[in-house]
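Try each task before you read its solution.

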Amino acid sequence: MTTSPLLKHPTNLMGILQLRRSWAVNGLLSLSLLASIGLSLCLGSFPTPLGEVLHALAAPRQSDIAFIIWELRLPRILLAVLVGAALAIAGAILQGIVRNPLASPDVIGITSGAAMAAVMFLALLSPQLSISWLPLAALCGALFAALLVFLLAWKDGVSPTRMVLVGIGLAAAMGAVTTLLIVISDDTAAMVAYVWLTGSLYAAQWQDVMGMLPWLLVAVPLCLSYARHMDTMALGDSVAQGLGVSLLRSRLVLMACSVALAGAAVAFAGGLSFVGLMAPHMAAKLVGRQFARLVPVSGLIGALIVLYADLLGRVAFLPKDLPAGVFVSGIGAPFFVYLLHRTRHRRD
Amino acid sequence: MLRGQVTKSAGLFMAVLIMLVSFLASVMLGTTDIGFSSLWASLTSYDPTQVAHIILRTERLPRAVVATLVGSSLAIAGALMQTMTRNPLASPGLLGINAGAMFFVVIAVSLLPLHSPADYVGAALLGALVAALLVVVLSRGHQGEFSPLRVVLAGVAVTAMFVSLSQGLLIIDQQSFESVLYWLAGSVSGRELPLVIPLLPLFGIALLLCALLVKHANALMLGDDMVAGLGLRAGTIKLLLGLVVILLAGTSVALAGMIGFVGLIVPHMARGLFGVDHRWLLPACALLGACLLLLADVASRFLMPPQDVPLGVMTALIGTPWFIYLARRKQVS
């Protein structure tokens with residue numbers, strides 16, 4: 001955990017205490033994630049005791065329970081974990097690049113691009129083309145939106161403020177087109193689109209998990225390798241340049257990571273909002289804003305939020321299976337409010 | 001950017017003219033165009049047997065008035081929010097106003113026999129107030145100060161909570177989903193004058209308070225210390241400005257539903273043209289917001305007749321190219 005010389009705290013004791021705290025937080029969150037995955041595997045419309053779950057995990061394709069666990073619950077749970085982590089990390093990166101606590105994949109146009117493409121697909125092409133093309137359409141939308149934001153914000157380099165402004169402008173326009181498409185399409189298609197926009201992990205399969213995983217495997221290490229640049233950029237453009245950071249290259253790489261993570265997450269799970277916005281703030285309240293610590297904790301928190309949101313959606317209103325997006329903020333917001341309340345004596 | 005008192009005054013004057021023309025266009029154009037003479041006649045000597053007069057009095061005129069009020073209120077509220085939080089991404093919705101209104105409307109629709117957007121006004125207003133109060137309580141520091149980051153975080157948390165609750169209700173109860181869908185997209189049609197008039201005092205109080213606080217808003221932009229330099233507590237000023245935002249944006253949401261674009265983006269347009277001084281910025285916001293909403297409302301009647309395009313959609317479609325042009329051109333502070 002190295003820091004730039006400027007960031008090094010005068011008293012080393014503080015640093016050591018913070019490091020310990022960050023390890024403790026990471027350990028606790030990882031343990032609770034494992035426990036939650038176990039819990040999710042047990043619960044469902046057909047509850048299974050933990051012993052049978054473990055047995056089924058060890059011997060796939062041998063019983064009905066093994067089928068339920070391996071083909072229905074496990075992929076869905078893993079996808080929830082991956083998607084939650086991806087969105088949270090994408091948010092942490094964006095908030096760092098544009099130095100704005102309100103930045104998130106939703107605000108800055110990435111999610112809106114994916115949503116527009118997906119709703120267009122559902123409203124205009126859906127009966128002719130198979131629904132399995134939907135993730136690809138959404139991913140293209142996200143990439144297209146990010147590219148457009150970057151191109152329109154380009155003027156001798158990209159300033160974070162201009163990128164934010166262009167981002168919200170485009171997000172508004174694409175949101176408008178999405179609403180328009182929903183309003184003009186018939187009621188059934190509108191409902192399908194609305195559920196997609198809310199974000200759902202219904203009927204997730206192994207191929208979705210395998211489609212999601214590579215994005216995380218590439219983007220997360222890449223953004224972590226730029227952690228020092230990110231911490232230096234937080235001090236302001238001129239300081240960062242003075243310390244030898246190439247602003248343009250760092251921003252391009254980090255932005256690309258964020259787009260890849262958010263785009264892939266939206267493609268496979270729909271417009272799960274607020275994870276990318278809330279999770280990094282919660283993580284910052286726990287371990288501070290240093291990027292290398294923020295990223296893993298954000299990812300774990302995001303994964304936990306989406307996992308529990310999907311669990312609630314699956315089991316709380318049986319036989320109905322409600323979209324996870326409904327519960328994401330229902331779980332995240334109260335905890336967030338509690339953190340806000342607890343830290344009210346601290347200066348921000 | 002326009003520079004100098006004279007150029008800026010000329011700019012504002014132009015904006016007033018454009019607003020008047022848009023207002024007239026909004027009243028006269030539609031599926032049945034109404035001539036200038038019958039417009040005059042319907043105002044001076046109202047004749048309930050003439051169709052044109054009835055259309056004017058019950059549909060076109062209230063519609064134009066609502067568009068003007070809502071457009072200018074949302075834009076002013078947005079500018080004040082961005083000043084208060086010192087964040088270009090802030091919008092009136094950040095105080096939880098839209099989310100609260102949405103939640104209460106969804107509950108009201110599923111529990112009570114409500115039929116038209118006009119019936120939603122009370123519920124929406126109440127929801128906006130409840131959510132905004134919650135945000136204010138949560139964002140207050142222990143010494144009564146409101147740090148920008150806390151306001152933003154509290155706003156995000158409360159918005160997230162209400163939006164998710166409403167989404168859940170909408171997905172469970174499909175029938176109210178269909179009736180609320182249009183309200184969610186925002187519209188100014190079908191609001192008659194008797195509905196608008198009781199809300200006018202709220203707009204009036206907010207605008208008066210806003211006019212009194214212009215100097216403090218300017219000081220607030222420079223930092224909380226500057227406000228203290230004027231002999232006032234920054235917390236109190238922010239609370240009062242927050243009240244203005246709640247009144248303006250709450251009544252707007254109640255009247256016209258979710259129109260997101262105006263409060264977020266018109267302030268940036270106004271800043272790009274008139275600079276950051278609130279003495280120019282706020283009038284400019286009011287005029288540009290009203291123009292944008294009036295023009296969008298007129299255009300929404302013609303895009304795919306006989307159906308109106310939702311106003312929130314039209315505003316964003318018209319405003320975005322403009323906004324991106326301004327965002328690229330100006331040297332962002």
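**Exercise 1. Find which helices cover the buried residues of helix 14 of chain A.**

Step 1: Locate the helix. Helix 14 of chain A runs over residues 324-342, where helices (H or I, at least four residues) and strands (E, at least two) are DSSP runs, numbered from the N terminus.

Step 2: List its buried residues. A residue is buried if 20 or more other C-beta atoms lie within 10 Å of its own, exposed if 12 or fewer, and partly exposed in between, with C-beta atoms placed from the backbone. In helix 14 of chain A the buried ones include A:Phe327, A:Ile331 and A:Phe336.

Step 3: Look for the cover. From chain A it includes helix 3 (64-97), helix 7 (187-198), helix 12 (275-287) and helix 13 (291-315), and from chain B helix 6 (148-172).

A note on the model: it is predicted, so local features need pLDDT of at least 70 and side-chain atom pairs count only at pLDDT 80 or more, while totals for chains, interfaces and linings use all residues. Residues are numbered from 1 along each chain as its sequence is written, and chains are lettered from A and ligands numbered from 1 in the order in which they are written.

**Exercise 2. Describe how helix 3 of chain A crosses helix 12 of chain A.**

Step 1: Take the axes, which are lines fitted to C-alpha atoms, for helices over the stretch in contact, with angles from 0 to 180 degrees between N-to-C directions. These two axes come within 7 Å and cross at roughly 75°.

Step 2: Name the arrangement. Angles under 35 degrees count as roughly parallel, over 145 as roughly antiparallel, 65 to 115 as roughly perpendicular and the rest as oblique. Helix 3 of chain A is therefore roughly perpendicular to helix 12 of chain A.

Step 3: Find the contact (C-beta atoms, placed from the backbone, within 7 Å). Among the residues that meet are A:Leu87 and A:Gln95 of helix 3 of chain A and A:Leu277 and A:Pro280 of helix 12 of chain A.

Step 4: Sort by class. Ala, Val, Leu, Ile, Met, Phe, Trp, Tyr, Cys and Pro count as nonpolar, Asp, Glu, Lys and Arg as charged, and the others, Gly among them, as polar. This contact of helix 3 with helix 12 of chain A has 9 nonpolar, 4 polar and no charged residues.

**Exercise 3. Which helix of chain A gives the most to the side that touches chain B?**

Step 1: The contact takes 46 residues from chain A and 43 from chain B.

Step 2: Helix 6 (160-184), helix 7, helix 12 and helix 14 of chain A each give two or more residues. Helix 6 of chain A gives the most, with 14 residues.

Step 3: The side of chain A divides into 28 nonpolar, 13 polar and 5 charged residues.

**Exercise 4. Is B:Ala132 buried or exposed?**

Step 1: B:Ala132 sits in helix 5 (residues 121-139) of chain B.

Step 2: B:Ala132 is buried, because 26 other C-beta atoms lie within 10 Å.

Conventions: The expected span of a helix is 1.5 Å times one less than its number of residues. Two residues are in contact if their C-beta atoms, placed from the backbone, lie within 7 Å.
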